[in-house]
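Look at the structure below before reading on. The report then goes through parts of the fold and some of the side-chain pairs.

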Amino acid sequence: MAVPEVAEPEVAEPEVAEPVMTGSEVAEPEVSRPAVTGPGSLSVETWVERLGGPDGPERYRRYTLGTLAAFAAAEVALWAFWIKTSDAGTLGSALVAAVGAAHAGAHLLLSRAALRRYLGAGPRPAGLVALYVVATVAMAAVGCALLAAGRIGDRDLVTYLVWLMMFYAGPPMLALPTRTGVVLVGAVPAAALGAAAASGLSGELLALAVGGILFMVPFMATGMRVTGWSVRLIEELARARATQARLAVAEERLRFGRDLHDVLGRNLAVVALKSELAVRLARRGREEAVAQMEEVQHIAQESQREIRAVVRGYRTADLLTELAGARSVLEAAGIDCRIENGPAARLPAHTQAALGWVVREGTTNILRHAQGASRCEVSARATVSGWVALVMENDGAGTAPRPGTGSGSGLPGLRERLAEVDGTLTTELRPGGIFRLTARIPWETAE
């Protein structure tokens, strides 16, 4: 009586303990927060969810497209700042504003199209690339013309060209193949620097422009390429996770089907056999028919319990129990069964479970596929080569199977079970209709 008295407070303690109260205590601060009455009361996570949508690759793609749009907006802002701080005059400022707006628009359109192309969701935007290059060349020409006309100073052209080439370098690297993109991204800045030198830019300021472009162009080109690669990688990972989930479901279905086959295969074969026997006995008026049907009822009830255990995922096969069950079933079918346990009792649970499935499936195969069987020998022994071997041998393998039994799929399932413990399964049809089923598990694994 001491055990129930000790167990009772242990069971009552978690039920009365504070998990429920803890949940309410955690919920109370949430209730005590200010009500959601305006934008200021929403958390950062809520705004992220609203702006980007559900978590996943689609959200990351939206954020990336938003970043590309932000680059285009930053270009517009920089050109507005440059116009305000330079002395380009009314005409020069108007030209820079017009061409800069066109360049920023082409930048945005090409960036989005290039990202879709890089992700395999659209064609190569060759027309947009050509338009973007033309807009870039036109804008560089405007800057060099303003310097040559004395409308702007050398320093103004340096910042002008560095900013222009910085924004130019990214989209072509994402829209074009790597080699073509490198050539195009390198050719336009080189031509722009040559035009700047021809327009009068020289000395330290020319060197500053060259250094700034040599730094910013590779940096932006690589950054854009890495951005597209990261989006593609995340989407590939999401697809891989979805595939992994589908494979896990398929694997679980296979396991469940295999377990049901192993559970019901032998039991249904025994039910069919005993029912057939009970019918013959009942037609002869023999009282033994009642005993046979009682055994059928017992087997059906046992099958129900085993199916429930399979559904819960807790069912295992015990080798000694399966050996005893195999002898009982086979002898009931008129088959002499001899069993040699050997080291069966000393084996660990996982090894006994694997070999127990072998005994169960082997018994099912004898009942289903060896109608003329008269004897069966089962032996479990440790071999000198370091293996634990279980051998089932029966006669009658040359006869036709029972009607409606089919070919079955139990042996592939057994091989899968034994593979989990580094075991093997072999079958052999010997002369005289002898069928031998051999399962081997390394002794190191068995220990």
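What follows describes a sheet, the helices packed on it, several salt bridges and a surface patch.

## Basis of the report

This is a predicted model: local features need pLDDT of at least 70, side-chain atom pairs count only at pLDDT 80 or more, and totals for chains, interfaces and linings use all residues. Residues are numbered from 1 along each chain as its sequence is written, and side-chain values use heavy atoms, with hydrogens and water left out.

## The sheet

Five strands form an open sheet with mixed pairing, in the order β1-β2-β3-β5-β4. Strands (E, at least two residues) and helices (H or I, at least four) are DSSP runs, numbered from the N terminus. Two strands pair if DSSP finds at least two bridges between them. The edges are held by β1 (336-340) and β4 (424-430); each has a single partner strand, so one side of each is left without a neighbour in the sheet. From one strand to the next, the twist averages 10 degrees.

Strand β2 (residues 375-382) pairs with strand β3 (residues 387-394) in the antiparallel sense, over seven bridges. Cys376 stands opposite Asn394 in β3. Strands β4 and β5 are also antiparallel, over seven bridges. These two strands form a hairpin with three residues between them, and Gly432 in the turn has a positive phi of about 85 degrees.

## Helices on the sheet

Helix α13 (residues 349-369) packs on the sheet and touches β2, β3 and β5 (434-442); its direction makes about 10 degrees with that of β3. Helix α14 (residues 410-419) packs on the sheet too, touching β4 and β5, and its direction makes about 145 degrees with that of β4. Contact means heavy atoms within 4.5 Å. For the angles, axes are lines fitted to C-alpha atoms, for helices over the stretch in contact, and values run from 0 to 180 degrees between N-to-C directions.

## Salt bridges

A salt bridge is a side-chain nitrogen of Lys or Arg within 4 Å of a carboxyl oxygen of Asp or Glu. By this rule there are ten salt bridges. One of them joins Glu322 and Arg360, whose closest N and O atoms are 3.3 Å apart. This pair links distant parts of the chain, with Glu322 in helix α12 (residues 319-332) and Arg360 in helix α13, 38 residues apart. Both Glu322 and Arg360 are buried. Buried means under 20% relative accessible area, exposed over 50%, and partly exposed in between (1.4 Å probe, protein chains only).

Which residue forms a salt bridge with Arg436? The partner is Glu393, with the closest N and O atoms 2.6 Å apart. Glu393 also meets Arg430 in a salt bridge (3.6 Å, N to O). Glu393 is buried, with a relative accessible area of 12%, whereas Arg436 is partly exposed at 25%. Salt bridges that share partners join Arg375, Glu377, Glu393, Glu428, Arg430 and Arg436 into one network.

## A nonpolar patch

Val226, Trp229, Leu233 and Leu237 make a nonpolar surface patch of about 370 Å². Patches are made of residues with over 30% relative accessible area and no salt bridge; like charges are joined within 9 Å, and nonpolar side chains (Val, Leu, Ile, Met, Phe, Trp, Tyr) within 5 Å. Accessible areas come from the Shrake-Rupley method with a 1.4 Å probe, and for residues only the protein chains shown count as cover. Leu233 is found in helix α10 (residues 203-283) and is partly exposed, with a relative accessible area of 32%.
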